[in-house]
Amino acid sequence: MHQITLLHFLFVSSTLFCLGLFCVVARKNAIMVLMGIELILNSANINFVAFSRFGGFGYNGQIAALFVIILAAAESAIALAIVLNIYKMFNNVNVDEIDNMRE
Amino acid sequence: MDMYAVMFYFFAVVTIASAFAVVSTKNIIYSAFNLMLTFFGVAGIYVLLGADFIAIVQLIVYVGGILILLIFGVMLTNKITDSEIKTGWTQVLPAMLVVAAFAGTLLGMVLKSNWRVLPQLQQPVTGLADIGVLLVNEYALIFELLGALLLIALIGAASIARK
């Protein structure tokens, strides 16, 4: 049971973070950017839970992860409302074509 | 190789492979469904870390809520009639360079750091009662504030989307 160490979990979460970062930076569609943000939040959550288990912080890390999940839900609701408005105004959601602040 | 290690590698491979598919596939709907697999893999990793409650919340909130929202977003912001919901990339090469540099830094930090790991790990136990007690005692203020925040976010999202 002890051959899986903290480093294994950290490796998974860093890989997830880098994939999410790439998704945020390089994809065109605004909804893909949101998916990248969800990947990044998940990787941060894995870190919280892993540190709370391997560092002996009890349940505090798990509660931090719980709060992150709640914030992610609020964030994605607001962000999707904004994306819907952008679609209404510009008729697409490609982040590289939306470059003026007012119509 | 014991069962724990086998399960860890299984969930790690599922998570990373499906996250890679999310990033690399062209069709947004495929990305959304691969994201579901990623969330399942992350939930499995939570279970392996002894965080059963977080795993269940992950499944309910992410797969049941956020992913459905994202799929709604895809459906509402694409012309379904062209039947091809595709999207491209922008500035792939600079992004790859930056992300590779970032990944190198991150891995270097993870490997170089002197992590203080407890010598003996406590066995993973389901601490649902403990989590509940912590939520209404130590974290009561944050808990209430997050409730208010969710309400504000809901009202804000509805009013922004209705405009």
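1. Along the principal axes, the C-alpha trace of chain A spans about 55 × 25 × 20 Å.

2. On provenance and counting: this is a predicted model, in which local features need pLDDT of at least 70, side-chain atom pairs count only at pLDDT 80 or more, and totals for chains, interfaces and linings use all residues. Residues are numbered from 1 along each chain as its sequence is written, chains are lettered from A and ligands numbered from 1 in the order in which they are written, and side-chain values use heavy atoms, with hydrogens and water left out.

3. Chain A holds 3 helices and 0 strands, in the order α-α-α along the sequence. Helices (H or I, at least four residues) and strands (E, at least two) are DSSP runs, numbered from the N terminus. Of the 103 residues in chain A, 55% are buried; buried means under 20% relative accessible area, exposed over 50%, and partly exposed in between (1.4 Å probe, protein chains only).

4. Among the contacts in chain A with a separation of 6 or more, 56% are between residues 24 or more positions apart. Contact means heavy atoms within 4.5 Å. The accessible surface of chain A is about 4000 Å², and carbon and sulfur atoms hold 68% of that. These areas come from the Shrake-Rupley method with a 1.4 Å probe; for residues, only the protein chains shown count as cover.

5. The charges of chain A comprise 5 positive and 6 negative side chains, with the centres of the two sets 6 Å apart. Lys and Arg count as positive and Asp and Glu as negative, while His and the chain ends are not counted. Each charge is placed at NZ of Lys, CZ of Arg, CG of Asp or CD of Glu. In chain B, with 7 positive and 7 negative side chains, the two centres lie 18 Å apart.

6. Chain B contains 6 helices and 0 strands, and its pattern reads α-α-α-α-α-α. Its radius of gyration is 20 Å, well over the 15 Å that the globule rule gives for 163 residues, so chain B is more spread out than a compact globule. The C-alpha atoms of chain B fill a box of roughly 55 × 40 × 30 Å along the principal axes.

7. In chain B, 39% of the 163 residues count as buried. The chain exposes about 9700 Å², with 73% of this supplied by carbon and sulfur atoms. Residues 24 or more positions apart make up 61% of the chain B contacts that have a separation of 6 or more.

8. One residue to look at across the two chains is Ala74(A), in helix 3 (residues 60–90) of chain A. Ala74(A) is buried at a relative accessible area of 7%. Residues up to four places away in sequence aside, Ala74(A) touches Leu149(B), Leu150(B) and Ala153(B).

9. The segment after helix 3 of chain A includes Asn94(A) and Glu97(A). Asn94(A) is buried, at 19% relative accessibility, and beyond its neighbours within four places in sequence it contacts Lys28(A) and Asn29(A). From Asn94(A) to Ile31(A), 63 residues away in sequence, the C-alpha distance is 9.0 Å. Glu97(A) is partly exposed at 39%; its C-alpha lies 35 Å from that of Phe11(A), 86 residues apart in sequence.

10. A backbone point for checking is Gln91(B), a residue other than glycine with a positive phi, near 55 degrees. Gln91(B) sits in the loop between helix 3 (52–76) and helix 4 (92–112) of chain B and is exposed, at 59% relative accessibility. Val92(B) belongs to helix 4 of chain B and is partly exposed, with a relative accessible area of 31%. The C-alpha atoms of Val92(B) and Ala103(B) are 16 Å apart, across 11 residues of chain.

Notes. The radius of gyration is taken over C-alpha atoms; the globule rule is 2.2 Å times the number of residues to the power 0.38.
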